[in-house]
Amino acid sequence: MAEHIHNVAEELPLSDPVHSGVNALDDLADSSRDIAGLITHLTAAAVFAARTERCGRAPEADITRRTVTQLAHTVGALGHTMADLGEAVVHAGALNQLAASPRSTQRNQDIESTRAQLRARIDSARARLHKSGARLHQAANRLVAPPAPTSSPRVNATTPATPPGAAPSRTR
């Protein structure tokens, strides 16, 4: 899932100059659908995990609770990404309108300003997606990592100490 989030980030419109509000709107519509799909998928996964959670303090229940929490945090971050894309749509719409206005120095300045704002929203959305994907990937690694040993083995009266011996022979 983390890789999918990173892929969506890479598919966002590039931050180089946006020439057409219409093209940006097309790209933003695709990206918004992808992110909405991720939000739906992750929310459903969190709900499913929460419903299957066992009560108590068993390690499985703790892992499930942590999984639900991580999924919920990721959905929240994706919601912020959608807000960034919503603002980007506003700027792409403004570019579309500006393209139809009569040529002037003011129009050129407005186009450049709007392009800069559009780039900033897209860059912010991309950064949020990368951060969310990385956080989800790290959380997944922690959830599946084997537990650390609670204590190191010690030699005591019931465990005989074996003296270091010669290495086994490699001859056949």
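**Figure 1. Overall view of the predicted chain and its elements.** Among the contacts in the chain that link residues at least 6 apart in sequence, 77% connect residues at least 24 apart. The model shown here is a predicted one, and the chain contains four helices and zero strands, so that the order of elements, read from the N terminus, is α-α-α-α. Of the 172 residues in the chain, 29% are buried, while the chain exposes about 11,500 Å², of which carbon and sulfur atoms supply 57%.

**Figure 2. Close-up of the largest nonpolar core.** The largest nonpolar core is made up of 23 residues, and those with the most contacts inside it are Leu-28, Leu-118 and Leu-129. At least two residues of this core come from each of helix 1 (2-11), helix 2 (21-52), helix 3 (59-100) and helix 4 (105-144). Helix 3 provides the largest share of this core, with eight residues.

**Figure 3. Close-up of Ile-39 and its contacts.** Ile-39 is a residue of helix 2, and, when neighbours within four places in sequence are left aside, Ile-39 is in contact with Val-75, Leu-78, Gly-79 and Met-82.

Figure 4. Asp-84 lies in helix 3, and Asp-84 counts as buried because its relative accessibility is 5%, where the cut-off for a buried residue is under 20%. Not counting residues up to four places away in sequence, Asp-84 touches Arg-121, Ser-124, Ala-125 and Arg-128.

Figure 5. The mean pLDDT of the chain is 78, and 73% of the residues in the chain reach 70 or more. Where pLDDT is low, predicted coordinates should not be read in detail.

Definitions and conventions:
Residues are numbered from 1 along each chain as its sequence is written. This is a predicted model: local features need pLDDT of at least 70, side-chain atom pairs count only at pLDDT 80 or more; totals for chains, interfaces and linings use all residues. Side-chain values use heavy atoms; hydrogens and water are left out. A nonpolar core is a set of buried Ala, Val, Leu, Ile, Met, Phe, Trp, Tyr and Cys residues joined through side-chain atoms within 4.5 Å. Buried means under 20% relative accessible area, exposed over 50%, partly exposed in between (1.4 Å probe, protein chains only). Contact means heavy atoms within 4.5 Å. pLDDT is the predictor's confidence in each residue, from 0 to 100. Accessible areas come from the Shrake-Rupley method with a 1.4 Å probe; for residues, only the protein chains shown count as cover.
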